Amino acid sequence: MKLLRLLLVIGCAVLAVAACNALPRGNLSAITSGMEAQITMPWDQPPPEFKEVERRGFNDGVQAAIKDFNHHREPEPERHKEFREPHVHRSFVGDYRKGFQRGYDDAMGHMIRSKGEHS
């Protein structure tokens with residue numbers, strides 16, 4: 001029985017080494033790049049870890065950035081009434097502003113890089 005276990009462990013080790021050697025060495029960075037591309041969030045979607053009020057702020061920030069970009073305004077999220085006086089309970093103002101700022105920054109960065117394309 002012990003011999004069978006030993007042979008099984010050795011067999012698994014040999015298979016693991018063979019599998020690693022079968023991977024193309026030069027394409028490892030391409031594999032990891034592809035994985036990163038799969039987990040990248042769309043620019044107009046809040047991060048999944050955001051709480052509800054942060055998501056609301058994020059979406060409002062995206063809309064504010066799009067308006068500012070389209071009207072050729074300087075990027076200043078603090079100028080927006082939704083940022084200064086959010087319609088949330090005062091205990092959630094910080095979370096809302098955090099989401100708003102992130103959404104605004106993500107959207108403005110995207111708009112600048114894509115020269116105004118919303119997609």
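Helices (H or I, at least four residues) and strands (E, at least two) are DSSP runs numbered from the N terminus, and contact means heavy atoms within 4.5 Å. The structure is a predicted model, in which local features need pLDDT of at least 70, side-chain atom pairs count only at pLDDT 80 or more, and totals for chains, interfaces and linings use all residues. Residues are numbered from 1 along each chain as its sequence is written, and side-chain values use heavy atoms, with hydrogens and water left out.

The protein chain contains five helices and zero strands, and its elements run α-α-α-α-α from the N terminus on. Of the 119 residues in the chain, 26% are buried. Among the contacts in the protein chain with a separation of 6 or more, 59% involve residues 24 or more positions apart. The accessible surface, calculated by the Shrake-Rupley method with a 1.4 Å probe, only the protein chains shown counting as cover for residues, comes to about 8,800 Å², and carbon and sulfur atoms contribute 60% of this area.

Helix H5 covers residues 93-113, a run of 21 residues. The distance from its first C-alpha to its last is 30 Å, close to the 30 Å expected at 1.5 Å a residue; the expected span of a helix is 1.5 Å times one less than its number of residues. The buried positions of H5 are Val93, Tyr96, Gly99, Phe100, Gly103, Tyr104, Ala107, Met108, Gly109, His110 and Met111. Lys115, which follows H5, has a positive phi near 55°.

Buried residues in H3 are Val53, Glu54, Gly57, Phe58, Gly61, Val62, Ala64, Ala65, Ile66 and Asp68, and H5 is included in what covers them. Asp68, at 0% relative accessibility, counts as buried. Its side chain makes a polar contact of 2.8 Å with the side chain of His80. A polar contact is a pair of N or O atoms within 3.5 Å; within protein, one must be able to donate a hydrogen and the other to accept it, and residues adjacent in sequence count only if both atoms are side-chain atoms. Leaving aside residues up to four places away in sequence, Asp68 touches Arg73, Glu74, Glu76, Arg79, His80, Tyr104 and Met108. Just after H3, His72 adopts a positive phi of about 55°, although His72 is not a glycine. This residue is found in the loop between H3 and H4 and counts as exposed, with a relative accessibility of 75%.

Two further loop residues were examined. Asp44 lies between helix H2 (28-39) and H3 and is partly exposed, with a relative accessible area of 31%. Its C-alpha atom is separated by 7.4 Å from that of Asp106, 62 residues apart along the chain. Asp44 touches Phe58, Asn59 and Val62, residues up to four places away in sequence not being counted. Pro86, in the loop between H4 and H5, counts as buried at 12% relative accessibility. The C-alpha atoms of Pro86 and Arg97, eleven residues apart along the chain, are separated by 7.9 Å. With residues up to four places away in sequence excluded, Pro86 touches Lys81, Val93, Tyr96 and Arg97.

The structure holds four aromatic pairs. Phe50 and Phe58 form an edge-to-face pair, with 6.3 Å centre to centre and 80° between the planes. Rings of Phe, Tyr and Trp (its six-membered ring) pair if their centres lie within 6.5 Å; planes under 30 degrees apart count as stacked, over 60 as edge-to-face and the rest as tilted. Both Phe50 and Phe58 are buried. Ring pairs also link Phe83, Tyr96, Phe100 and Tyr104 into a cluster. Arg97 lies over the face of Phe83, at 5.6 Å from the ring centre; a charge sits over a ring if NZ of Lys or CZ of Arg is within 6 Å of the ring centre and within 35 degrees of the ring normal.

Terms used. Buried means under 20% relative accessible area, exposed over 50%, partly exposed in between (1.4 Å probe, protein chains only).
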